[in-house]
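Morning, everyone. Please have the sequence and the model open while I talk.

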Amino acid sequence: MTRRTVVFAVFPGFQMLDLAGPHEVFVQAGQRAERAGRPGTTVRTVAAAPGPVASSGGLAVSPTLTTREFTGPVDTLVAVGGGGVHEACADREFVDWFAATARRARRTASVCSGAFLLGAAGLLDGRRAVTHWSSCALLAERYPQAVVDPDPIFVRDGDLWTSAGVTAGMDLALAMVEADDGPEVSRAIARQLVMFVQRPGGQAQFSAQLAAQRPARQPLREVLDWIADHLCDDLGVPALAARAGMSERNFTRVFRSETGRTPAAYVESARVEAARRLLESTGTPLDAVARSCGYGTVATLHRSFKRSVRVTPGEYRRRFAPHTAAD
């Protein structure tokens with residue numbers, strides 16, 4: 001084994017968390033490797049010009065090297081995102097350096113809108129990719145040969161990895177560490193960073209509660225919280241209206257007005273989300289998944305999944321379950 005070099009490409013107006021989160025994951029992976037007597041990881045930041053590089057929030061970093069100075073080996077090349085990425089994509093010399101470096105890297109990745117730099121470097125043609133939900137349409141428009149999937153928090157397509165916004169970059173970095181060093185190391189780093197859970201790539205960028213507008217009325221907020229913990233209960237309108245202390249007609253009207261969704265649509269999204277988590281992270285049989293998420297039967301789960309996710313539960317598990325993530 002040889003020492004790995006992870007290179008982050010930064011530019012004026014980058015998003016600090018896109019750099020800091022994944023950077024720390026790789027630093028900790030290297031430290032753990034060294035304590036175990038294995039080669040560690042060298043983490044570098046590279047920019048087009050010398051001197052501090054200001055992030056979009058005003059904080060600055062001092063890159064290790066400039067693009068002209070960096071000539072060493074590279075294992076993993078990462079493009080961070082941020083509002084300045086579009087100006088960076090117009091810097092032909094910077095883009096050419098990134099493309100040339102990617103050709104000799106074992107893998108190339110982007111965090112958030114860093115995917116635009118991958119596109120400018122010609123790396124997205126025919127490849128599946130993701131970026132921040134708010135930029136997926138623009139990425140698909142600007143690079144029509146890319147297969148932009150707006151839903152997952154990160155995507156691996158062979159040696160190309162892309163992630164959604166900000167914190168998803170840490171999930172991507174942890175997945176890379178898991179692929180390199182095993183799940184025990186990645187879980188230990190997640191615990192050290194006090195991450196609630198190491199999310200698999202297939203998880204949606206939005207949970208059901210985030211995707212819905214947060215209601216202004218306290219009874220409705222309490223109903224949403226209750227639904228998440230009681231997916232196997234009766235979640236029909238009469239039961240939910242009674243819990244909110246409202247008539248069924250008023251509850252339906254107010255729920256849709258304040259969340260932007262019907263009660264039935266919200267309940268289905270919450271159940272699908274729970275099923276996705278189980279399919280991604282466990283080997284629970286489909287009939288048990290169906291029961292635990294309130295579907296009752298596998299057939300009902302199958303219909304709901306096809307309607308919402310556009311693949312069957314079995315296909316989803318084969319694509320996103322941990323044991324297939326590195327295939």
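Helix α1 gives 4 residues to the lining of the largest cavity, the largest share. Helices here are DSSP runs of H or I with at least four residues, strands are runs of E with at least two, and both are numbered from the N terminus. A cavity is a set of points on a 1 Å grid, over the protein atoms alone, where a 1.4 Å probe fits but cannot get out, and lining residues have an atom within 4 Å of a point.

Two notes on the source. This is a predicted model, where local features need pLDDT of at least 70, side-chain atom pairs count only at pLDDT 80 or more, and totals for chains, interfaces and linings use all residues. Residues are numbered from 1 along each chain as its sequence is written, and side-chain values use heavy atoms, without hydrogens and water.

Back to the cavity. The volume of the largest cavity is about 80 Å³. Of its 14 lining residues, R4, A29, T41, D180 and D181 are the closest to the centre. At least two lining residues come from each of β1 (4-9), α1 (16-35) and α6 (168-181).

Next, two helices. The axes of α9 (218-229) and α11 (248-259) come within 11 Å and cross at roughly 85°; axes are lines fitted to C-alpha atoms over the stretch in contact, with angles from 0 to 180 degrees between N-to-C directions. α9 and α11 are therefore roughly perpendicular, a label for angles of 65 to 115 degrees. L220, V223 and L224 of α9 meet F251, V254, F255, E258 and T259 of α11, where contact means heavy atoms within 4.5 Å.

Last, helix α3 (92-104) holds both F94 and W97, 3 residues apart, about one turn of the helix.

Definitions and conventions: Parallel < 35°, antiparallel > 145°, perpendicular 65-115°, else oblique. 1 Å grid on protein atoms, 1.4 Å probe; cavity = no way out; pocket = protein on both sides within 12 Å on 5 of 7 lines; lining within 4 Å. Points joined across faces, edges and corners; volume = space filled by probe spheres on them.
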